[in-house]
Amino acid sequence: WLSTYLARLLKPANQTAKYTNHQIKAQIRAQPNSTRSAATTPTSTQSMLPGKSSAQNLRGQAAMNSIFNLHRETNRSWPKRKPTTQSLLRSAIFILAISILALFLFLFLSISTSKSLFSTQTLSTQNPQCGHIRASSRVGEKFLWYAPHSGFSNQLSELKNAALMAGILNRTLVIPPILDHHAVVLGSCPKFRVTAPNEIRASVWNHAVELMKSGRYVSMADIIDISRLESASLREIDFRDFAASFCGVIMDSTCVNDLKPGSSSLFDSLMECGNVISGVQGNVGGCLYAVEEDCRTTVWTYENGDDGKLDSFQPDEQLKRKKKISYVRKRRDLLKTLGPGSEADSATVLAFGSLFSAPYKGSESYIDIQKVKNGDFMPFVPEILNAGKKFALERIRDPFVCAQLRLLDGQFKNHWKATFQGLRQKLESLNQGDGQPVNNFVMTDLPRGNWSGTYLGELASDEKRFKLHFLREEDRLVAETARQVGKRGSRGNVHCPRQKSPDVLLYIEESVCSCASLGFVGTAGSTIAESVELMRRSDVCSILNRTAR
């Protein structure tokens, strides 16, 4: 239809040509006789063309004169043809048609490009990631991967939950690295304001790649003794080995320290795998099942007989109106939902988001499995425990009380008075006026330069009644322990010759506090305090205490 329209549009060109011929004749008649004679008299260099009439030659000569004398002004202007309504309409239709054609062409190219990109992404999600695993020594294995977050104590709690769930579902547990403090955050389950599972998985994957690239990667298995998991027949794999198998890449001795976006096929492969395994592109049949249920909608249980029932904790009406939310929390049996016979069970990789859970208003925020509450204790590796015991035995020597004071992070910075009050009462009860100072080991996030004007400053200045002990990063014991832990290396097959020494100060401090024979004072609500209390209940330092007596 466009070609037909263009042909019709070009048809008036003949009329324009006739009108031009008419103008040429008129101009020739209007010329003076001398000029007309010169124009009609052939010369040695200009003669009439054979086979042409005089009128035709005159017309051609006039056209040539008009061409070579464009710069000269003529006494008579060319007649102007006023545009008619029909010509204007044709021009408008022509412009409209060209615009529509351009629009159709743009849309066609855009759709084609989108289809091409979509096809690439579809192929990406169908890339043989799981095929790489099946081709490796892990053939037939099924894995459970999750996204830890926040501080170390939260990450340790999630590791325990993950180990329990991997055992129930008969899957190999992917052991994650220790993430930087609050590099990945969840949000608040009680307020129903949390990061979506696919987003937190993507954040954890990207941060893990960054840790590898910067040489700061430390596996949870380098810090926590997971030998009990192995003794319980729970299979585990280091995240780096899992990533190498899933992505089909080889992480050589460079340990991806030199990875740069766009300049490394290894980096691109890892980031592409991150998009797949995070579930951003959806599930991949038979390969990946990305769990989208989180603490806003689900409480995982196991053999409680309450599958599908409403949980006791639900958002109140005020929160629903204020936040405009409509979440309903249901209790879901883990094995029935994700175990044999389910869609998830057929996937090689089962990917969770956060696995953090805590008691709240008579329920659990996300995982309510009885074995978790009474869960197996996971101690630090021997190098860390021995360092803590050594400090207590050789540096403090005498019985001591431990104070864990979290003062700067989150909600704790607004509760200094209550935090110090508990420690004050404990120390005053121990100070009987016998002339011997009370030994007090302090672990705190408040730098010593800021102790002035606080209760810690008072303790430090009252040397007759109290003797303070603390550890620092530069202490020889800390540096030597970091070297030993780093020497342990990864439990996997990937080793980093340029690996930086891990930060082990917090773990040694917790080990020291587990040996405090005069008691422990922790910050209310701190997961670090909960970790120390668990260590003390598990009698980690019993051998040392018997030796000291």
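Begin by selecting helix H7 (residues 152-169), which lies across S1, S2 and strand S9 (349-351) and runs at about 160° to S2. Helices (H or I, at least four residues) and strands (E, at least two) are DSSP runs, numbered from the N terminus. Contact means heavy atoms within 4.5 Å; axes are lines fitted to C-alpha atoms, for helices over the stretch in contact, and angles run from 0 to 180 degrees between N-to-C directions. The model is predicted: local features need pLDDT of at least 70, side-chain atom pairs count only at pLDDT 80 or more, and totals for chains, interfaces and linings use all residues. Residues are numbered from 1 along each chain as its sequence is written, and side-chain values use heavy atoms, with hydrogens and water left out.

Five strands form an open sheet in the order S5-S2-S1-S9-S6, with parallel pairing; two strands pair if DSSP finds at least two bridges between them. Strand S5 (236-238) and S6 are the edge strands, each pairing on one side only. From one strand to the next, the twist averages 25°. Now select strand S1 (residues 143-145) and strand S2 (residues 172-175), which run parallel and are joined by two bridges. Here Leu 144 stands opposite Leu 173 in S2.

Move on to Glu 293. This residue forms a salt bridge (a side-chain nitrogen of Lys or Arg within 4 Å of a carboxyl oxygen of Asp or Glu) with Arg 332, and the closest N and O atoms are 3.9 Å apart. Glu 293 lies in the loop between strand S6 (288-290) and strand S7 (298-301), and Arg 332 in strand S8 (residues 330-333), so the pair ties together parts that are 39 residues apart in sequence. The structure holds 19 salt bridges.

A cavity is a set of points, on a 1 Å grid over the protein atoms alone, where a 1.4 Å probe fits but cannot get out; lining residues have an atom within 4 Å of a point. The largest cavity holds about 90 Å³ of space.

Four strands form an open sheet in the order S14-S13-S12-S15, and the pairing is parallel. Its edge strands are strand S14 (466-469) and strand S15 (520-521). Select Ala 403, whose bridge partner in S15 is Val 521.

Conventions: 1 Å grid on protein atoms, 1.4 Å probe; cavity = no way out; pocket = protein on both sides within 12 Å on 5 of 7 lines; lining within 4 Å. Points joined across faces, edges and corners; volume = space filled by probe spheres on them.
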